[in-house]
Amino acid sequence: MSDVLNKLSAVLEQRKSEAKPDKSYVALLHQKGLNKILEKVGEESTETIIAAKDAAVSGDTQHLIYETADLWFHSLVMLSYFDESAEAVLDELASRFDLSGIEEKAQRTK
């Protein structure tokens, strides 16, 4: 699973730094700046929520998977803006094994 995320992170980084905005959606997002990237993350979050609500009624999760992929993609674009990768998120998730969500939340600084 992390191979796909690592490959996608590499493509995003390449397109961010080398591709032209008229040829690459990722390059175009980076050219437009952080606010545009965040707008897309917010839009995809909303679409994912709606797809989950629809899936709860219909039992069909195909559109939910599609929208979640869009959300993950745009989240990775956001991370690439900060020169971060999927690997950093995977490392954070791995650090949470054997720790309940309640314990993890209690350990956060307020």
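Let me start with the largest pocket, which in this predicted model has a volume of about 250 Å³. Ten residues line that pocket, and the closest to its centre are Leu5, Trp72, Val89, Leu90 and Leu93. If we ask which elements give two or more residues to the lining, these are helix H4, residues 62–81, and helix H5, residues 86–95. Sorted by class, the lining of the largest pocket is made up of nine nonpolar residues and one polar residue, with no charged residue.

I would like to turn now to helix H2, which runs over residues 25–32 and in which Val26, Ala27, Leu29 and His30 are buried. Why do these four residues lie on the same side of H2? They cover an arc of only 160° around the axis, and therefore they fall on the same side of the helix. As a reminder, an α-helix has 3.6 residues a turn, so residues three or four places apart point the same way. On the other side of H2, by contrast, Gln31 and Lys32 are exposed.

What do the buried residues of H2 pack against? Their partners are helix H1, residues 2–18, helix H3, residues 34–58, and H4, and H4 is also one of the elements that give two or more residues to the lining of the largest pocket.

At the start of H2, a side-chain oxygen of Ser24 comes to within 3.3 Å of the backbone nitrogen of Val26, a residue that is itself among the buried ones in H2. Just after H2, Gly33 adopts a positive phi of about 100°.

Methods: Residues numbered from 1 in each chain as written. Predicted model: local features only at pLDDT ≥ 70, side-chain atom pairs only at ≥ 80, totals over all residues. Heavy atoms only, no water. 1 Å grid on protein atoms, 1.4 Å probe; cavity = no way out; pocket = protein on both sides within 12 Å on 5 of 7 lines; lining within 4 Å. Points joined across faces, edges and corners; volume = space filled by probe spheres on them. Nonpolar A, V, L, I, M, F, W, Y, C, P; charged D, E, K, R; others polar. Buried < 20%, exposed > 50% of the residue type's maximum accessible area, 1.4 Å probe, protein only. Arc of directions from axis to C-beta. Contact = heavy atoms within 4.5 Å. Polar contact = N/O pair within 3.5 Å; in protein donor to acceptor, adjacent residues only side chain to side chain.
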